[in-house]
Amino acid sequence: MAFDYSAADLDRFREVQQLAYHCAEQVAAWIEPGVTERQATQKLCRCLVAEGVDDFFHVPFAWFGDRTAFRHFHTPLQFFAGSRVLQEGMPYVLDCAPVVDGYTADIGYGGKVGANPVWDRLAQDLKVYRELILREVRARRPLDEVYAAVDAQLAAHGYDNRHQVYPGRVIGHQVTRNTSRAPKGVNLFGFGLRTLQTLGRELISERLHGRSPLWADGRASRHAPTPGLWAVEPHIGFREVGIKFEELLVVTEDEAYWLDDDLPHVRRWTSLEEAAA
Amino acid sequence: MSPVTRRTVHSAGVDLAVFEQGDPAAPTVLLVHGYPDTHRVWDDVAEDLAADHHVVRYDVRGAGESSVPAGRAEYRLELLAADLFAVADAVSPDRPVHVVAHDWGSLQSWEAVTEPGAERRLASYTTMSGPCLDHMGHWIRYRLRRPTPRHLRQLLVQGAHSWYITAFHLPFLAPAGWRLGLARAWPRVLRDLEGVRPRAGHPQPTIRQDAVRGIELYRANMRPTLRNPRERHTEVPVQLITLRRDHYVSPFLSEGLERWVPRLTRRELNATHWSALLEQGPVVAGLVREFTARIESTGQPPAPGEKLVVITGAGSGIGRATALAFGEQGATVVVCDLDQVAAERTAELVTLVGGAGHAYRVDVSDGAAMDAFAQQVATEHGVPDVLVNNAGIGHSGTFLQTTEKEWQRVLDVNLWGVIHGCRAFGALMVARGRGGHIVNLASAAAYLPSKVLAAYATSKAAVLMLSDCLRAELADSGIGVSAICPGIVNTNITRTSTFSGLSASEQTAKQDRAARLYARRGFPPEKVAAEIVKAVRTGKPVVPVTVEAKLARWAGRISPGLLRRAARINAG
């Protein structure tokens, strides 16, 4: 499969991703102890729609406290925002995937209210994974081996792989321009109808090439990175704290790079490094 | 010896002889003696503490150089507590004092400590071999109301140990006994029953009259207080030192003491009722010093989880999880591993979860290195309370496939590593005399034979037996030994496991296969760590972890033949 996005397409994807992170930051600025997960996702949703979002790849998620690390998750229903109330010192994760004109973003935003030294440490170490994944993909290592390299790094850090809790144990998935004609704004099991249609089509066509649009650690991911756009979401956990980022990775036939480096988590690392210097 | 000055303090109708030594500007410790002693029983402890404390002792009313009260009523606990406050006010009017008490001194100090508002005058209280009579009354009532076999046993055992209290209530008998020879025989009693070597100046020359008058302590207080125990709480931080070989006060008497004393620190000492003070004075002084220093600097007693824990092979897997589990309880964890970077990472995580981590690079199979490591830990952090011999490697191969070199490597790490650890740290723990716990990581393979685990299972079976023998040996020193026997636990032991008779690429393939199997089983090392922490708390001797480990242990008991047959399966 050839890389078939123009510079203009990538700009549109970048805009949607910026928009999504912008909304997440707005919610993060508003969020405070006493807010429930459901209230947070509603706020996020309203914010996105106000910015011109017309569909969702999946419904927005919010996880508070030990739910950021998916502790005691037994059924997929537990992913949906619930009545957990945010308290002082708690970490939280916002995850949303807005679609504008078929251009999809899928982002993850980790934050905390008050002091939480464990979260600080995790947030700092998350940088290692962003660099590791890019390095490995640039070396065109098979995706299941990249997954294993992330696992090895997690073991060295003493953290848990929490993306394995996602359906299919995925650390990432392909994102394409959504061209489905299914009704907008309708979702099934939390995923937009258009998403399901596009993803279904992808799953079948990629399968014929011995590849998968889902990136996990199984046999289906035993292939070099497919050119295209990948939403990559390493989710790491330690004790009761989980954190993730999710952003688009651009993979061309011979190169790979993160679509955008001007994102909240990257800016946080930069300011930390500047403060340390 | 530091000079001792004497003064007299008047309190509620008696003159108390008070003895002071050490720098008066230093924190004051007030030592209260028991029956039938005088302040002289504290000689060793006082001498040691005087180096950095203002040490004050006094003869309680009716004993030694203090004056004798008129009648039995004058021996009531209220007056004894008033004496303590009077001495404290006289020697340290502006600053609260740290009380240390033994035997009857402890009973009367409890009276003072549980007085409302005592925390304003008393900074801390270290108690040995003397419960609060009110707490004791509630302790008995609680057990009589719930006569479970365990409670009944406790009542009977403590009752049997308290025979002399009954004797002291009989007219004529007790005083006559002391007068007619017991006082003269006292050094022999101490030597034969208490393990105290005879020495000049002890017992004190006044023992006969002290012992006879002191009987009033029992007669004036025992029955009324035990019959109508009061609710006595205290905010004073209390350090309870349980003497393991005490013939008079059983360790279980302090069960549930937290109800009355929220800020309670429990310590253990391998000593008899009197040998604690007369043979192990410096050890007791060390415990007191640690406690007073802590209270002086932070105002808070140490939390129950604040232990010193040494864990080998803690750079990953069960070792790291165990380090974190202890760290979460506030322990100081000394982490060692062959991989320095991994050890440092564990130490960092321990600090992150609320403990204090320190990393060292040590090869457990190197005896000299382990000895040096133990010495280093002792100087830099102290003697550990808990040692976890966790470091181990996996190896798979039948007996005939396994080369001599492979055998050596497996035994060197898995068995000799444990031997070196137990030897180096066990000696330190015994010498310190404050008990502790050793945890050895065996395996379900220790009792589950398999033809493809010849070397590994042999090494682990040896660790299990070593633990059994060591437990018997260290029981008298109050050091528990637990062997942990995990089954399939998802750690990186599979990544470092070796296989006999395979090429490098076949090895990697096997390792991957094993790693996948272990990952699929999905038993996290954190659950093993939780079992280890629990074993240290409860002293459970052998702890199989995971269902398969438990089943194998039962199968081995019900039908050893079944396990012998299963051993023939090629499970590699």
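Leaving aside its neighbours within four places in sequence, with which residues is B:Ile532 in contact? I looked this up and found B:Thr322, B:Val388, B:Val439 and B:Ile484, where contact means that the C-beta atoms of two residues, placed from the backbone, lie within 7 Å.

**Before going on**

I noted that this is a predicted model, in which local features need pLDDT of at least 70 and side-chain atom pairs count only at pLDDT 80 or more, while totals for chains, interfaces and linings use all residues. Residues are numbered from 1 along each chain as its sequence is written, and chains are lettered from A and ligands numbered from 1 in the order in which they are written.

**Entry 1: the cores**

I then followed B:Ile532 into the largest nonpolar core, which has 78 residues and in which B:Ile532 is among those with the most contacts, together with B:Val309, B:Val333, B:Val335, B:Val439, B:Ile484 and B:Cys485. I wrote down that such a core is a set of buried Ala, Val, Leu, Ile, Met, Phe, Trp, Tyr and Cys residues joined through C-beta atoms within 7 Å. A residue is buried if 20 or more other C-beta atoms lie within 10 Å of its own, exposed if 12 or fewer, and partly exposed in between, with the C-beta atoms placed from the backbone. Helix H14 (residues 404–432) of chain B gives the most to this core, namely nine residues; helices (H or I, at least four residues) and strands (E, at least two) are DSSP runs, numbered from the N terminus. I also found a second, separate core of 75 residues, which includes B:Leu80, B:Ala276, B:Leu278 and B:Val288.

In the loop between S5 and H3 of chain B I found B:Asp103, which counts as buried because it has 24 C-beta neighbours inside 10 Å. B:Asp103 has a positive phi of about 60° although it is not a glycine.

**Entry 2: backbone exceptions**

I reminded myself that most residues other than glycine have a negative phi, and that most peptide bonds are trans. A:Arg169 also goes on my list, with a positive phi of about 60° although it is not a glycine; this residue lies in the loop between S5 and strand S6 (172–175) of chain A and is partly exposed, with 16 other C-beta atoms within 10 Å. A cis peptide bond joins B:Tyr35 and B:Pro36, with omega about 0°, and B:Pro36 lies in the loop between S3 and helix H1 (43–49) of chain B. I noted another cis bond from B:His202 to B:Pro203, where omega is near -5°.

**Entry 3: chain A**

I found six helices and 14 strands in chain A. The radius of gyration of chain A, taken over C-alpha atoms, is 18 Å, close to the 19 Å that the globule rule gives for 277 residues, so chain A is as compact as a globular protein of that length; the rule is 2.2 Å times the number of residues to the power 0.38. Buried residues make up 42% of the 277 residues in chain A.

How are the strands of the open sheet S5-S11-S12 of chain A paired? The pairing of these three strands is antiparallel, and two strands count as paired if DSSP finds at least two bridges between them. Strand S5 (160–161) and strand S12 (241–244) are the edge strands, each pairing on one side only. Strand S11 (residues 235–238) and S12(A) pair over four bridges, and A:Gly237 stands opposite A:Gly242.

**Entry 4: where the chains meet**

Last, I checked the two chains together and found eight residues of chain A in contact with nine residues of chain B. Helix H3 (117–138) and helix H4 (143–157) of chain A each supply at least two residues of the side that touches chain B.
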